[in-house]
Amino acid sequence: MSPNLSAILYLVSGVLFILALRGLSSPETSRQGNLFGIIGMVIAISVTFLSVGNFSSGFIYVLIFFAIGGSIGSFIAYRIPMTAMPELVAGFHSLVGLAAVFVAISAFINPTAFNLGTPGNIKLASLIEMAIGAAVGAITFSGSVIAFLKLQGIMSGAPITFKGQHLLNALLLLLIVILTIYLCSTQSSNLFWILIAVSFLIGFLIIIPIGGADMPVVISMLNSYSGWAAAGIGFTLENTALIITGALVGSSGAILSYIMCKGMNRSFFNVILGGFGATDQTSQSQNKEQRPVKSGNADDAAFLMKNASSVIIVPGYGMAVAQAQHALREMVDTLKKNDIKVSYAIHPVAGRMPGHMNVLLAEANVPYDEVFELEEINNDFANADVAFVIGANDVTNPVAKTDPQSPIYGMPVLDVEKCKSVLFVKRSLSPGYAGIDNDLFYKENTLMLFADAKKMTEDITKNL
Amino acid sequence: MEIDPFIFRLSIFILSIFVGYYVVWSVTPSLHTPLMSVTNAISSVIIVGAIIAALSGSDGVVFSSSSIYGFLAIILAAVNIFGGFLVTQRMLAMYKKKKKDK
């Protein structure tokens with residue numbers, strides 16, 4: 001296949017990827033968008049085979065390895081429960097990162113195959129691109145692995161901080177730049193290996209100080225990195241499809257990180273530097289006098305809801321942990337039978353990844369036009385009779401609006417306290433990840449329901 | 001003087017960032033999780049590099065030191081391509097509108 005034709009076809013597949021993302025602007029067009037993405041991928045892979053034109057025994061092995069990877073991927077995709085989506089995405093990011101590292105290594109060892117020069121005499125521009133691709137890929141890999149371990153609970157979600165952490169990271173980043181410069185002048189393979197090793201280390205160090213609830217930012221950030229890694233490799237291979245895709249994914253991840261940071265009213269650097277909640281705890285514990293809390297049982301909750309005419313449900317990460325989404329939908333079905341209007345309010349950072357709650361509700365067959373974002377629904381709380389908070393905490397804390405001393409002051413929160421009554425399902429009175437007490441617990445109109453989210457929801461349904 | 005082809009690739013790159021910016025802002029927040037899984041799948045187009053690397057061995061030698069990395073990258077990218085697109089498909093199939101008769 002002529003290089004011009006294959007370049008044009010790569011461009012076509014890049015455009016199809018753009019259309020794939022475009023499709024996600026509404027659920028109706030999204031499935032078609034996904035199809036565009038698949039077609040784009042098929043084109044890119046076929047063109048590569050045709051342009052390499054090497055159908056020797058190596059080709060068979062390519063197909064075999066492709067089939068192995070493909071079946072593993074399909075198996076995972078069908079088996080994974082929707083609640084584990086954040087882990088899955090983090091895991092997948094690590095694979096993209098590692099693949100970028102491998103491709104860069106291969107191009108470094110055998111540059112002739114990629115038209116980049118000969119070993120020890122690689123074109124300068126290609127070498128820089130390769131180094132960037134490998135470094136970003138390695139950071140993506142080790143960072144995603146840590147994120148995955150934290151999300152899986154294998155590693156504690158608590159931020160791990162130590163003295164001189166930021167200085168160390170800064171020095172290592174500087175080291176990467178120096179290594180790249182030396183690599184360009186010496187073409188030494190040892191430097192290339194060291195570069196990759198240092199990048200792995202940085203990825204690890206960047207993610208360990210970040211706490212579990214900041215995961216939405218981390219996952220989006222790693223999403224972005226995996227895109228930049230792909231783009232770096234795309235420049236090395238002079239491949240348009242990779243460059244376009246890398247840029248798309250890179251900016252997509254960056255936008256998601258921005259949205260998540262705004263949802264927490266924190267700057268990106270504040271999240272990346274990490275350790276949130278670990279520093280403020282001493283000052284918080286002083287004014288923790290015992291305040292009276294009203295607690296109730298499923299019977300009380302059912303009574304309140306039965307007499308309501310509109311109910312707003314506020315789900316959070318706790319719902320995902322308790323796998324309560326199906327029980328919740330059954331409860332809502334019962335409420336609807338009694339002519340009670342029900343809607344769902346979702347905070348941008350609810351859950352462990354962007355859109356986490358929406359997927360879980362969709363899984364439980366909740367129609368997406370009953371689910372609203374913060375800005376769309378926040379004014380409705382004043383007119384609603386009951387707010388049912390299930391597994392959310394900090395995103396409902398009125399302190400964010402009233403107390404400038406609070407670490408979460410200024411964060412956009414759901415105006416849950418404006419409802420006539422608030423039902424708050426929670427296992428204990430312990431504060432959320434920010435380490436601050438939720439004022440909502442002590443309000444006149446709040447009824448605490450201390451129980452597992454799933455069990456409580458089922459009990460309420462029985463009592464309705 | 002002729003323009004370096006690198007400049008053209010850079011132009012494509014910069015323009016794609018802008019396209020990505022506007023396209024992603026128009027993605028509805030409720031689909032942010034499928035957005036992440038589908039971007040994951042498409043970034044695995046890095047498999048084109050892996051295929052070139054895997055087929056770089058000279059005649060008769062399938063597994064050279066450089067092609068092995070290519071084969072490994074093919075497995076990783078293939079997991080991602082299939083996993084990413086299928087899981088996105090699975091998620092998107094769940095998004096349903098309210099039924100009118102209810």
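**Where the chains meet**

Modeller: Please note at the outset that this is a predicted model. Between chain B and chain A, the rule finds 20 residue pairs in polar contact, both residues being at pLDDT 80 or more.

Colleague: Which elements of chain B give two or more residues to the side that touches chain A?

Modeller: They are α1, α2, α3 (47–54) and α4 (65–94) of chain B. The largest share comes from α4(B), with 26 residues.

Colleague: How many residues are in contact on each side?

Modeller: In chain B, 75 residues are in contact with 102 residues of chain A.

Colleague: And how much area do the two chains bury between them?

Modeller: About 8300 Å² is buried between chain B and chain A, with 78% of it on carbon and sulfur atoms. On the chain B side, M36(B), I46(B) and L55(B) lose the most area to chain A, together 9% of what that side buries.

Colleague: How many salt bridges does the rule find across this interface?

Modeller: The rule finds one salt bridge between chain B and chain A. E238(A) forms a salt bridge with R9(B), and their closest N and O atoms are 3.4 Å apart.

Colleague: Let us turn to α1(B). What length does it reach?

Modeller: Helix α1 of chain B covers residues 5–25, which is 21 residues. From its first C-alpha to its last it reaches 31 Å, close to the 30 Å expected at 1.5 Å a residue.

Colleague: Which of its residues are buried?

Modeller: The buried residues of α1(B) are R9(B), F13(B), S16(B), G20(B), V23(B) and V24(B). Seen down the axis of α1(B), they fall within an arc of 100°, so they line one face of the helix.

Colleague: Why would residues three or four places apart point the same way?

Modeller: An α-helix has 3.6 residues a turn, so residues at that spacing point the same way.

Colleague: What do the buried residues of α1(B) pack against?

Modeller: They pack against α1 (3–23), α8 (215–237) and α9 (240–263) of chain A, together with α2 (32–43) of chain B. On the other side of α1(B), F8(B), L15(B) and Y22(B) are exposed.

Colleague: What caps the N-terminal end of α1(B)?

Modeller: D4(B) does, with a side-chain oxygen 2.8 Å from the backbone nitrogen of F6(B).

Colleague: Now to another helix, α18(A). Which of its residues are buried?

Modeller: In α18 of chain A, residues 453–463, the buried ones are A453(A), M456(A), T457(A) and I460(A). Viewed down the axis of α18(A), these buried residues fall within an arc of 100°, so they line one face of the helix. What covers them includes α12 (298–306), α14 (325–337) and β7 (421–426) of chain A.

Colleague: Which residue caps the N-terminal end of α18(A)?

Modeller: D452(A) caps that end, where a side-chain oxygen lies 3.2 Å from the backbone nitrogen of K454(A).

Colleague: One last topic: is S199(A) buried or exposed?

Modeller: S199(A) counts as buried because its relative accessibility is 0%, and S199(A) is found in helix α7 of chain A, residues 189–207. Leaving aside neighbours within four places in sequence, S199(A) is in contact with A135(A), A138(A), I139(A), S142(A) and I176(A).

Definitions and conventions: Residues are numbered from 1 along each chain as its sequence is written. Chains are lettered from A and ligands numbered from 1 in the order in which they are written. This is a predicted model: local features need pLDDT of at least 70, side-chain atom pairs count only at pLDDT 80 or more; totals for chains, interfaces and linings use all residues. Side-chain values use heavy atoms; hydrogens and water are left out. Helices (H or I, at least four residues) and strands (E, at least two) are DSSP runs, numbered from the N terminus. The expected span of a helix is 1.5 Å times one less than its number of residues. Buried means under 20% relative accessible area, exposed over 50%, partly exposed in between (1.4 Å probe, protein chains only). The arc is that of the directions from the helix axis to the C-beta atoms. Contact means heavy atoms within 4.5 Å. A polar contact is a pair of N or O atoms within 3.5 Å; within protein, one must be able to donate a hydrogen and the other to accept it, and residues adjacent in sequence count only if both atoms are side-chain atoms. Buried area is the accessible area (1.4 Å probe) that two parts lose on being put together, summed over both. A salt bridge is a side-chain nitrogen of Lys or Arg within 4 Å of a carboxyl oxygen of Asp or Glu.
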